[in-house]
Amino acid sequence: MSNGLARITNWYCRLTEEGGQTFSEVVIESTSPFPYRIERPGPGTLVLVAEALANAHPDTIIVDDGLVDEVSLTIPRTGEVEAQVKLEADVVWEHRTQNSLPFKTILRFERSILTKIFSHKTIVIDPGHGGADFGYRGPVSLREKQVTLKMATVLNEILRSFGAETFLTRQQDVSLSWQERLNLARQKKAEVFISLHTHWAPDAKINGAAVFYNPIMPQSEGLAREILARITRKGKVTGRGIAPSWSLTELGRIAGLIIEPATISNWVEEGLFRSPDFHRKIAYGIAVGLEKYFAQQEGASYAS
Amino acid sequence: MPLENDRIFEGRIPIRTHVFSDRDDIVEMAKKYTEGIAGPGDVICLAESVVAITQGRAILPATVKPGFLARFLSLFPGKDGSLATPPAMQLAINEVGMPRILLGCAAAAVGKLLRKRGWFYLVAGRQLAYIDDVAGTMYPYEKHIILGPKEPQKVVNLIKQATGAEAVIADVNDLHRVDIIGITNPDLEVHVVEALRDNPFGNDDQQTPIVVLKRSKTQD
Ligand SMILES: [Zn+2]
């Protein structure tokens with residue numbers, strides 16, 4: 001190919017599994033191997049300095065996978081490329097290469113800190129509506145009950161990969177009463193109950209996400225705020241705010257939330273609701289919000 | 001990634017780019033991003049949506065006023081999921097004219113009776129199949145409707161002139177269907193289709209609308 005320096009063509013972050021452990025991997029792809037060194041300028045930051053050229057556009061990827069916060073590529077000078085990884089916590093890591101075309105240079109971070117945070121945590125996920133109850137309907141006829149089930153399925157997979165114990169109130173298109181949904185959370189002694197819905201407004205211009213919380217469980221409010229911040233950042237939707245919902249008070253000490261990640265009556269957001277990418281982003285937003293919440297809870301109990 | 005079934009390409013290199021806009025020249029961008037990577041024999045592949053975006057063909061639905069016919073026709077499903085919103089249907093009408101849209105709908109109705117799919121696009125125009133409705137494309141264009149690229153064959157020829165490499169404009173959907181919209185060397189089509197089947201253009205987290213297929217050195 002070229003006789004000079006290797007060219008960096010792409011980089012991304014992915015989750016992998018090996019021997020029952022999960023990892024966040026930052027992968028840097030290039031046309032050939034390049035010499036590099038790794039620096040640790042401060043806690044939670046790791047920089048790979050490569051002797052290479054960059055064909056890839058230098059910018060920042062917001063990863064937000066619960067461990068890797070973001071990865072930025074910069075070109076301090078010609079012939080040198082820096083990949084900076086920002087982490088939520090200092091964890092065990094290693095680096096390796098994979099001889100293929102494109103060549104891969106991989107930074108691998110162990111995610112056991114997450115499994116520790118989520119172990120022994122029970123979360124009940126409630127896909128809103130179902131069966132004869134269709135929920136709201138979008139202008140291009142998308143049904144709320146379908147969207148909530150799809151989002152719940154993705155959220156369930158992600159929370160399990162984080163190490164949580166999860167239960168879904170429904171896995172099929174069946175109808176359930178609100179009471180039955182809340183009962184499952186109480187029966188399973190869940191820490192958190194999450195009911196997924198879509199917002200609807202008569203004015204088609206209204207859009208955005210909102211989170212409602214159980215007002216008699218004081219920490220619910222902070223969790224709602226954290227999750228709204230994450231889903232608006234990741235899903236790139238506007239926030240309509242958080243508010244107490246009296247329909248959740250029966251949960252008592254369970255942190256209960258009703259999450260509306262977007263507005264189905266706005267047909268741009270109805271389009272978002274059709275996209276598996278959007279479902280995945282919202283699910284990660286919720287999962288990372290929960291991670292922050294559980295980590296804080298632990299911190300608080302250690303302190304007391 | 002090594003390609004298992006066919007060895008005409010030894011590797012497939014996706015290139016991460018900035019977010020293209022109508023201020024970018026697609027030929028210049030193809031040249032800049034593949035510099036030092038793609039040479040004679042290699043194939044520069046471009047996602048059709050970014051070619052269209054650089055041509056100013058990303059349209060905000062709020063700026064389109066769908067007429068009665070667009071509202072009415074967008075109610076009918078079975079157009080392979082696209083043209084589901086009234087503004088997208090209106091843009092389709094603007095592209096090929098109302099008579100062809102109506103003929104396309106008639107063909108689709110007959111096709112339905114005969115259990116043949118795709119007759120709408122056959123009659124109304126293949127280019128309408130490349131209209132990406134809202135949320136069909138990556139951020140920050142997920143709120144736009146993206147029309148198909150204009151003059152795709154001319155674009156790939158210009159890229160070949162500028163780079164020396166072969167060039168392709170392709171549409172790859174989630175169902176692994178690959179449509180080649182423009183190609184400098186039609187003999188390569190089957191190999192390119194195979195190489196793009198699992199959509200290396202990626203989703204919006206992997207913003208790689210340019211992919212270089214490296215030709216094996218061991219062959220021809
Ligand atoms: Zn609802």
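In this predicted model, the centres of domain 1 of chain A and domain 2 of chain A, taken over C-alpha atoms, are separated by 33 Å. The domain assignment of chain A places domain 1 at residues 2-110 and domain 2 at residues 116-298.

Where the two domains meet, 10 residues of domain 1 of chain A are in contact with nine residues of domain 2 of chain A, and between them the domains bury about 780 Å², of which 38% is on carbon and sulfur atoms. On the side of domain 1 of chain A, the residues that lose the most area to domain 2 of chain A are A:Asp64, A:Gly66 and A:Glu88, which together account for 52% of what that side buries.

A:Glu88 also takes part in a salt bridge with A:Lys292, in which the closest N and O atoms are 2.5 Å apart. Between domain 1 and domain 2 of chain A the count is six salt bridges, and four residue pairs, both residues being at pLDDT 80 or more, are in polar contact. The residues of domain 1 of chain A on the side that touches domain 2 of chain A comprise five charged, three nonpolar and two polar.

We turn now to the metal site. The zinc ion is coordinated at 2.0 to 2.1 Å by A:His129 through NE2, A:Glu144 through OE and A:His197 through ND1, and the spacing of these donor residues in sequence is H-x14-E-x52-H. Because A:Glu144 lies in helix H2 (residues 144-161) of chain A, whereas A:His197 lies in the loop between strand E13 (192-196) and strand E14 (209-213) of chain A, the pair ties together parts that are 53 residues apart in sequence.

How values were computed
Residues numbered from 1 in each chain as written. Chains lettered and ligands numbered in written order. Predicted model: local features only at pLDDT ≥ 70, side-chain atom pairs only at ≥ 80, totals over all residues. Heavy atoms only, no water. Domains from an automatic or database assignment. Contact = heavy atoms within 4.5 Å. Buried area = accessible area lost by both parts, 1.4 Å probe. Salt bridge = Lys/Arg side-chain N within 4 Å of Asp/Glu carboxyl O. Polar contact = N/O pair within 3.5 Å; in protein donor to acceptor, adjacent residues only side chain to side chain. Nonpolar A, V, L, I, M, F, W, Y, C, P; charged D, E, K, R; others polar. Donors = N, O, S within 2.8 Å, 3.2 Å for Na, K, Ca; no water. Helix = DSSP H or I, 4+ residues; strand = E, 2+ residues; numbered from the N terminus.
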